Amino acid sequence: MRIAVAGKTNVAEFPFFPAFNQSLQSTFLSTNPNQRTPMNVLFFPDFGEGTLYLEEYNSDFTLKWMDVRKGERVAQKKVAGGKLVNLKTPGENEWVGVVFNH
C-alpha cells in the first residue's frame with residue numbers, strides 16, 4: 001500500500017500486518033519506529049477503536065483520519081505520547097489513521 005501523509009513531501013511504502021492487540025482485532029497496522037520521526041498507520045476495514053502503544057515516546061503526535069471511501073481527510077488532532085492512546089474512528093465504514101511525530 002502506498003500512502004502520502006498530508007504535509008509531507010515523500011510517499012512511503014508501508015507493509016501492513018494484522019494488529020495483534022486484542023482491542024484492534026480487525027485492524028491492520030504498519031509502523032515505522034524510527035526514533036527521529038516515528039509513524040504508525042492504521043487501517044480499519046470497518047469502523048472501530050483500539051489502543052496504540054506510544055509509551056516509549058515522550059512527545060506529542062498528530063493523528064489524522066482519512067475516510068477511505070471519500071478519499072478525504074476529515075479530522076486531525078494532537079495526541080500525547082508516553083502512554084497508551086485510545087483511537088476511535090470518526091465514523092462508519094473504512095478508515096485510515098496516521099499517527100506521526102514531527
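I started at Thr89, which is buried, with a relative accessible area of 7%. (Buried is under 20% relative accessible area, exposed over 50%, partly exposed in between, with a 1.4 Å probe and protein chains only.) A note on the source: this is a predicted model, where local features need pLDDT of at least 70, side-chain atom pairs count only at pLDDT 80 or more, and totals for chains, interfaces and linings use all residues. Residues are numbered from 1 along each chain as its sequence is written, and side-chain values use heavy atoms, with hydrogens and water left out.

**Thr89, continued.** I placed Thr89 in the loop between strand S9 (84-88) and strand S10 (95-100). Strands here are DSSP runs of E, at least two residues, numbered from the N terminus. I then listed the contacts of Thr89 (heavy atoms within 4.5 Å): leaving aside neighbours within four places in sequence, they are Phe44, Phe47, Gly48, Trp65 and Trp95.

**S9.** S9 pairs with strand S6 (residues 49-53) in the antiparallel sense, over five bridges; pairing takes at least two bridges found by DSSP. I checked Val85 and found Leu52 as its bridge partner.

**Cores.** Which residues touch the most other members of the largest nonpolar core? I found Leu54, Leu87 and Val99, in a core of 13 residues. S5 (39-44), S7 (60-67), S9 and S10 each supply at least two residues of this core, and S7 gives the most, with three. (A nonpolar core is a set of buried Ala, Val, Leu, Ile, Met, Phe, Trp, Tyr and Cys residues joined through side-chain atoms within 4.5 Å.) Leu54, leaving aside neighbours within four places in sequence, is in contact with Asn40, Phe61, Gly81, Gly82, Lys83, Val85 and Val99.

**S5.** I counted five of the six residues of S5 as buried, so this strand is largely enclosed by the rest of the structure. S5 and S10 pair in the antiparallel sense over six bridges. Asn40 stands opposite Val99 in S10.

**Lys64.** Buried or exposed? I have Lys64 in strand S7, and at 11% relative accessibility Lys64 counts as buried. The C-alpha atoms of Lys64 and Gly97 are separated by 5.7 Å, with the two residues 33 apart along the chain.

Methods
Helix = DSSP H or I, 4+ residues; strand = E, 2+ residues; numbered from the N terminus.
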